[in-house]
Amino acid sequence: METPAEQQTPPPSSTGIKSDQVSGLVLVALAIYIGWLNRKFPVGSLADPGPGYVPLLLAIGLGLIGLLVAVLGGHSRPLAAIRWPEGTRAVIILVACTAAGVALEHIGYRLTIFAFLVFFIGAIERRRPLPVALVSVGFSLGSYFVIGDLLHVPLPVGPWGF
Amino acid sequence: MIETFNDLMLGFSIAFQPEVLVYAFAGCIIGTLVGMMPGLGPLAGISLLLPATFGLNPIVAIVLLAGVYYGAMYGGSTTSILMRIPGEAASVMTCVDGYAMTQNGRAGPALAIAAIGSFFAGTVGVIGLMLLAPTLATFALRFGPPEYTALLLMGLFVLAYMSGGSMLKTLAMAIFGLLLGMIGIDIMSGYTRFSFGIVELGDGVGIVSVAVGLFGISEILLTAGNQDTPQVQKPTLRELIPSKEEFRRSAGPIMRGSLLGFMIGIIPGSAHIISSFVSYGIERRISNHPERFGNGAIEGVAGPESANNAAATGAFVPMLALGIPTSPVTAVMIAAIMIHGISPGPMLIQEQPELFWGFVASMYVGNLVLLILNLPMVGLFVNLLRIPYAYMYPCILAFCILGVYSVSNSIIDVWIMLMMGGVGYVLRKFHFDLAPVALGLVLGPMLELSLRQSLALSGGEYGIFLERPIALTMFCLGGLLLLLALKPLIFKSKDWRSKVGLEDEEAT
């Protein structure tokens with residue numbers, strides 16, 4: 001799904017590197033990396049395949065297809081036509097989720113999710129303090145009650161028993 | 001036939017148990033809400049609910065998750081029609097004429113026809129499932145490792161041929177998924193492969209973390225910057241009633257969409273998405289007034305909505321009869337059943353008749369519940385859409401972390417989810433289809449095991465695949481499809497995608 005910002009941006013000229021050429025070459029690089037990782041495992045023979053046999057076959061297949069995507073990708077969109085207007089926010093989201101993942105087992109579910117929501121709704125989205133507090137407290141306690149207490153799914157609890 | 005009827009009665013005796021009814025009802029409601037919310041499609045919804053099913057009995061668990069699946073198919077149409085926002089990918093085609101009808105003041109009939117079409121298609125799908133799955137399962141009892149190898153390979157070729165986008169990119173994604181499936185301990189040799197020293201990866205990469213990352217997180221990464229709180233129309237109950245002319249024009253598309261969707265649903269890939277595109281293309285092609293399409297043709301709502309619901313049910317046929325997922329959703333549902341110690345496959349219907357027939361009967365009930373609930377409650381449901389996205393997406397993210405962590409209480413799963421979210425975000429920017437990754441992940445270990453078991457059986461002779469008629473037939477069919485898929489690449493000709501307008505839509 002393209003974002004509105006992408007739809008409004010006029011397409012750049014049709015010259016230059018194409019998106020499929022880049023993605024094809026990335027696939028080839030990935031295939032080479034997997035082939036390199038696979039060197040540790042015995043490939044065996046055609047008649048008696050070892051643990052490295054199927055991964056090697058797949059890496060070769062991925063490399064060949066990547067090459068075809070790159071070679072036939074001359075008519076795809078120019079790489080510069082791909083816009084990343086939401087890129088910064090996407091990175092912030094991934095970093096914040098990573099931090100939440102680290103915190104989850106250290107300070108428990110409720111505190112982590114409370115801090116996570118305060119960060120997003122209060123700091124990133126700049127909403128008023130009262131709704132931020134209500135949503136953050138309500139969601140963290142409510143979801144713990146439903147998932148943890150009612151449905152008996154074990155959720156991490158912090159060192160303070162909370 | 002009498003035996004089928006008796007089995008169905010057994011199913012209804014289970015489906016009408018209060019506990020099963022309550023969970024079917026809950027699944028339908030959750031599914032409708034999930035389908036309406038951009039960024040939380042049926043797959044993410046099912047994945048997030050999975051941990052909550054651990055403590056339930058397997059019948060209730062699968063009824064709940066299936067309810068979420070077909071409920072999401074219903075729910076997805078509401079936002080498409082009222083706001084031109086597809087709640088999930090299968091509703092993209094409904095946006096075109098559904099929203100045009102809303103602009104023409106006919107939102108109510110569009111919603112009603114979408115719901116009636118979905119109900120009819122869901123019912124046709126369940127009848128098809130009921131008749132086809134047991135027959136297919138009986139046939140599949142003859143399958144050994146060579147037949148499974150052939151079947152899985154054929155499935156991958158069908159996936160490539162029927163993919164909505166580029167065949168090469170689809171194959172690349174399927175191989176990427178198969179490679180992800182190679183992570184973990186190799187059952188036949190005991191080697192731990194590609195685990196990077198992480199003990200938790202010994203068991204392989206879980207489908208839930210990959211699916212939530214690829215489909216849930218990546219969607220949020222793409223849409224998180226949206227600040228708009230959309231204006232929503234709330235049609236009254238009286239406004240929902242379609243005119244006689246609208247009923248007449250919808251009947252054919254609903255029937256065609258139901259049959260087409262069910263057939264496409266059985267084959268691997270993003271069937272519910274493809275079926276709605278194909279149905280729309282067919283309806284536009286056979287219409288006497290193709291110029292009305294795009295300007296509020298009710299056929300453009302009736303056909304695709306029926307098709308995507310029938311396809312959702314069709315996908316359960318190979319899942320229950322063969323134990324093979326044909327879509328990411330069924331892959332997660334297989335994981336859900338296996339958690340309860342039940343292996344889906346040809347023996348499932350014989351060994352667990354209560355589960356299979358209870359599930360089938362619950363789908364009849366679920367479809368009826370959705371029809372009865374959705375139309376009168378559409379005004380209530382659309383209130384959810386008034387919640388600003390700035391509040392919504394952090395809560396969805398929190399649910400994603402919670403759901404994935406809870407599956408095996410492992411933080412590694414959360415890292416995998418985030419990694420897959422980032423990968424999925426970039427891949428979507430480059431117009432790669434993500435469904436084959438999730439399918440490949442599940443099919444990879446099955447394919448490798450059946451291939452190596454076949455060779456062990458034959459003493460290393462590949463002739464075993466040619467000596468067995470079922471395997472040979474499947475290989476021939478797979479090869480034929482591969483050739484058909486390659487034809488447009490070699491001869492620069494148009495394939496079925498351009499005939500149904502799928503490439504045009506992909507490009508936009």
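Visitor: Is His431(B) buried, exposed or partly exposed, and why?
Guide: His431(B) is partly exposed, because 18 other C-beta atoms lie within 10 Å. Buried takes 20 or more other C-beta atoms within 10 Å of a residue's own, exposed 12 or fewer, and partly exposed is in between, with C-beta atoms placed from the backbone. Keep in mind that this is a predicted model: local features need pLDDT of at least 70, side-chain atom pairs count only at pLDDT 80 or more, and totals for chains, interfaces and linings use all residues. Residues are numbered from 1 along each chain as its sequence is written, while chains are lettered from A and ligands numbered from 1 in the order in which they are written.

Visitor: What's phi for His431(B)?
Guide: Near 60 degrees, a positive value in a residue other than glycine. Most residues other than glycine have a negative phi.

Visitor: And what is phi for Phe196(B)?
Guide: Phi of Phe196(B) is near 55 degrees, also positive in a non-glycine residue. Phe196(B) counts as exposed because it has 7 C-beta neighbours inside 10 Å.

Visitor: New topic: which residues have the most contacts inside the largest nonpolar core?
Guide: Ile62(B), Leu65(B), Val332(B) and Cys400(B), in a core of 219 residues. Such a core is a set of buried Ala, Val, Leu, Ile, Met, Phe, Trp, Tyr and Cys residues joined through C-beta atoms within 7 Å.

Visitor: What is Leu65(B) in contact with?
Guide: Leaving aside neighbours within four places in sequence, Leu65(B) is in contact (C-beta atoms, placed from the backbone, within 7 Å) with Gly27(B), Ile46(B), Leu49(B), Thr53(B), Met333(B) and Ala336(B).

Definitions and conventions
Contact = placed C-beta atoms within 7 Å.
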